[in-house]
Structure formats: structure tokens, C-alpha cells
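This report describes selected features of a predicted model.

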Amino acid sequence: YKAIYASDTSVTVQIPRAIPQNISNTITVITKGGTVTYNFTTLIPALKVTGIFNEYTPAGDTLTLTGQNFDLYDLDTSSTTVTFTGGTIVNVVSGTATTLNVIVPADAQPGPLLLKGTEPLNISVTTIAWYKDNRNFLFDMSNFDGWNGSSFLSSGPSPAPINGPYFKVTKSWQGNWAWDPFCSNNCAMPQALVDDPSQYVNYALKFEMNVPVGPPSLPLKLYMVFNSGNFKEFFYDPSGSGSFPFTTNGKWETFTVPLKSWGNLDGLEFSNPIIMEFMLKDANPSQSDFAICNCRMVPIN
């Protein structure tokens, strides 16, 4: 029984957070004075698997799937399984309405994950995001050949690497909107995007970033630019809310920048390679301390 609020003209009750096994599309109110039934369309929120918190979670560590309404679809118990590419099946060890946690098996291979629930719903979802997504890296950080970036290459120990060398951008930025990249390189583009540039709406730039707690952290939006004769720029806010300095609390986290979010890529020719540059750019001087790696261009639809 749920608490209700009733007046002479209305009854207010919270809809139970559970999918009914038998949907009658009616509401029945039973009182001492009588019973009435009202036609009511039952709307069930969709199950959404939005991504993987860190696509490069090491074997033996906890990988977190993110989404919505996991609890509503009974996917928050140890009876829920995740199958990694390669065939290894593991149980979900904990979960909430928006997260499911599993331990990465030692033989996990790059690829999508299969999420399966039990009866009566028998949910089965294959993730769009890949574990250790190795498709279309923009450049090889183990053999980096860009004209800006070599001085920022690091192999740890702080933070510990998750896939070889990364950029550790501990740097003073001079302000005055100065052009001062921490990475400039000829970057590989997916052939499908080269063949049909209008397909950019189905692609995203992805990378892992590790930002310590407390300043300087990431003080500004991450500025990125395409240059193929046409100059296209974007200021990316990983917080989604303009909250800076930004931190990942010292953990590696996957970030997804859909190309359609740039808002200015119609008509851009995606050559292979294409020049891409990354920096922090602002009117005021600032300090930064963050790590970034695994820059890749992958399909998201």
C-alpha cells in the first residue's frame, strides 16, 4: 500500500516503480462508499543503456555500465549477466537505477557487451559502446609523430596508464585567446566518413580523461579544431554545465563528443588524414593538470 492524499475532488498517489505483469490500462479507486474504474494508459519508461563509464577499465577492475531504468527492468541484481566479446559471461555484482557494475574478466576482448536479464522480462541489449574500443584511433601515441604533443607524452606513474602512453597536460596557458596546442597532428578518419561526409551525425570523438581533484584540474572547456582547408572549431564542456575547474576525481573516464554537437560541420570534407588540434584557449591565463588518451572517431548510431 502506498500513502495517498485525498480530497473531495481528487486522489493523489505515487505510481509504483515496477512494470506490471498484467497491464489493464485502468485505475480502480475503492472506498467505503463504492468503487470506480477509470481508463488510464500505462506508460512504461524505456530502458536505456547510454555507455560505459570507462571503456578501458583494466581486467580485474569494476566496469560500470550507465543508463536509465535498470531497476525498473529488474537489471539490478546478481542474476543479470554481461557477456564480453570473446564469450566470457559475468554476473552484475551491484547496481542502481542508472548503473550496473561487473568485474572485467581476464580474457575480455575489444567489442560490444551483451546485457541480459532473467524472466519474466528476459531483457537482452547489446551496447553501442565498445569495451576497449580500438576502432579508428586518430593517431598512435606509442609512435607519436605530430608537430605538437611530444613534450606532453607520459607513461605514468601518475596517473597509471590504461592503454600505453598518454598526454599529461600540466601547463600554463597565457590567455589572450592564444593559439597554443598540446596536440597537433594529421589524424585518421573512418573511410565511411570520408566517402560520405554527411554521415558525421553518426560519429563521435571519444577519449579517456583523468583529472585530479582540486585545482588546477581542467580549468576551461577543451578546445578542438578540424582543419581541411575549412576551419571548424568546438569548445567541449565535459561537465555539461559550465562547472569549472572540472575533475574526474582522479579516475579515468570515457568522454563522448558527438560530431553533430559541434553545430558547424555541414559541408566539411573529411579527408584522410585531416589536421586536428587540441588546446585550452581563453581570454585569461590559467593552469591545467589533466591526462588524456585513446583519441578515436567511432560510430555512435
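Lys168 counts as partly exposed, with a relative accessibility of 26%. Its salt-bridge partner is Asp289, and the closest N and O atoms of the two are 3.4 Å apart. This pair links distant parts of the chain, 121 residues apart: Lys168 belongs to strand E14 (residues 166-173) and Asp289 to strand E21 (residues 286-299). Asp289 has a relative accessibility of 18% and, since buried means under 20%, counts as buried.

The count of salt bridges in the predicted model comes to 6. Among them is the pair Glu55 and Lys206, with 2.5 Å between the closest N and O atoms. Glu55 lies in the loop between E5 and E6, whereas Lys206 lies in strand E16 (residues 203-210), so the pair ties together parts that are 151 residues apart in sequence. Glu55 is buried at 1% relative accessibility, and Lys206 is buried with a relative accessible area of 7%. Another salt bridge joins the side chains of Asp133 and Arg135 at 2.8 Å, N to O; both residues are buried.

## Open sheet

An open sheet is formed by 4 strands in the order E5-E6-E10-E9, with antiparallel pairing. Strands E5 (48-52) and E9 (94-95) stand at the edges with a single partner strand each, so one side of each is left without a neighbour in the sheet. Strand E6 (residues 62-68) pairs with strand E10 (residues 99-103) over 5 bridges. Leu65 stands opposite Leu100 in E10.

## Surroundings of Leu113

Leu113, in strand E11 (residues 111-116), counts as buried at 1% relative accessibility. Beyond its neighbours within four places in sequence, its contacts include Ile52, Leu63, Leu65, Phe84 and Tyr131.

Methods: Residues are numbered from 1 along each chain as its sequence is written. This is a predicted model: local features need pLDDT of at least 70, side-chain atom pairs count only at pLDDT 80 or more; totals for chains, interfaces and linings use all residues. Side-chain values use heavy atoms; hydrogens and water are left out. Two strands pair if DSSP finds at least two bridges between them. Helices (H or I, at least four residues) and strands (E, at least two) are DSSP runs, numbered from the N terminus. Buried means under 20% relative accessible area, exposed over 50%, partly exposed in between (1.4 Å probe, protein chains only). Contact means heavy atoms within 4.5 Å. A salt bridge is a side-chain nitrogen of Lys or Arg within 4 Å of a carboxyl oxygen of Asp or Glu.
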